[in-house]
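Open the model in your viewer and keep the sequence beside it. Please show me around: what should I select, and what is there?

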Amino acid sequence: MTTRAMSILVHADTKVGKSTFANTSPAPVLYLDVEAAHRFLPRKKVFWDPVREAPPEVGRGRVSAQSSEVVDVDWEICVVIVREYRSMVKAYEWLNSGQHPFKSVVIDSISELQKRCKEEIRTLDEDMNQRKWGQLLDHMEWLVRGLRDLTEHPTKPVEAIVLTSMTTQREGKWRPYVQGQLATTMPYFLDVIGYMFVQEVPTGEGPTAGTQKVRRMLVSPHEMFEAGERVQGKLGEVVDNPTVTMMLDKVFSNNNTTKEE
């Protein structure tokens, strides 16, 4: 039997909809927010500080990052505001322990998270040297691999791992924006690499036909954009108006899948 689970990296230009896409992950979602994007997501939220406390229970949590009061709340997203890299590390330790309620994990974005890690490695009076760049690569590769492996956790497999990224043009191709050798290694770790864009498409035929904007995700190899998948082509070349749940359904619809009860 196959576990219904997938890891996704989506990169795109600013304000295209990366956070909106990540917000469609199956609930309950752990949303590791490095860019202060949670304020604009419509689903019900609670907040968690993984450095100081255990993950919230389903149906209970703090509805404000500033409040210490725990109340009954039917939440869908648990937000961790990642101001320091150690918050990410502690969250991962909880995830790896299996002692959590989450079906999905989102990092928004891996580009900013790498900068947080870099800030902790670099001291105030020193520049990055070769040794520190090596430490940064080791930390980030450990994290991305560890998150991917949560989809095969022995007791608490996570259904969706979603990483968002800025995009940058390098060597004539638009690629996920991370620094150093991680730019080369990270795409190999994950199941789907998607490039998201918005395209105007016609709403009908003839000279009076209008147009509408459609959010699209390229998931097949392209000479101008870093994209690809290892899901046997089940997503096609481009996914229109993608959601994480819809992509999971497409990949696993014909499989004998197992979910955690």
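This tour goes from the whole chain to one residue and its partners.

**Whole protein**

Remember that this is a predicted model. Start with the cartoon view. Look for six helices and 16 strands. The trace spans about 60 × 50 × 40 Å.

**Surface and interior**

Now hide the surface and think about the inside. Buried residues make up 49% of the 261 residues.

Contacts come next. Take those between residues at least 6 apart in sequence: 68% of them join residues at least 24 apart.

Then colour the charges. There are 33 positive and 36 negative ones, and their mean positions are 1 Å apart.

**Aspartate 72**

Select aspartate 72 and zoom in. Which strand holds aspartate 72? It is strand 6, residues 71–72. Is aspartate 72 buried or exposed? Its relative accessible area is 61%, and exposed means over 50%, so aspartate 72 is exposed.

Aspartate 72 touches both, leaving aside residues up to four places away in sequence. Stay with arginine 60, twelve residues from aspartate 72 along the chain. The C-alpha atoms of this pair are separated by 4.4 Å. Finally, show the side chains of aspartate 72 and arginine 60. A polar contact of 2.6 Å joins them.

Note on methods. Residues are numbered from 1 along each chain as its sequence is written. This is a predicted model: local features need pLDDT of at least 70, side-chain atom pairs count only at pLDDT 80 or more; totals for chains, interfaces and linings use all residues. Side-chain values use heavy atoms; hydrogens and water are left out. Helices (H or I, at least four residues) and strands (E, at least two) are DSSP runs, numbered from the N terminus. Buried means under 20% relative accessible area, exposed over 50%, partly exposed in between (1.4 Å probe, protein chains only). Contact means heavy atoms within 4.5 Å. Lys and Arg count as positive and Asp and Glu as negative; His and the chain ends are not counted. The place of a charge is taken as NZ of Lys, CZ of Arg, CG of Asp or CD of Glu. A polar contact is a pair of N or O atoms within 3.5 Å; within protein, one must be able to donate a hydrogen and the other to accept it, and residues adjacent in sequence count only if both atoms are side-chain atoms.
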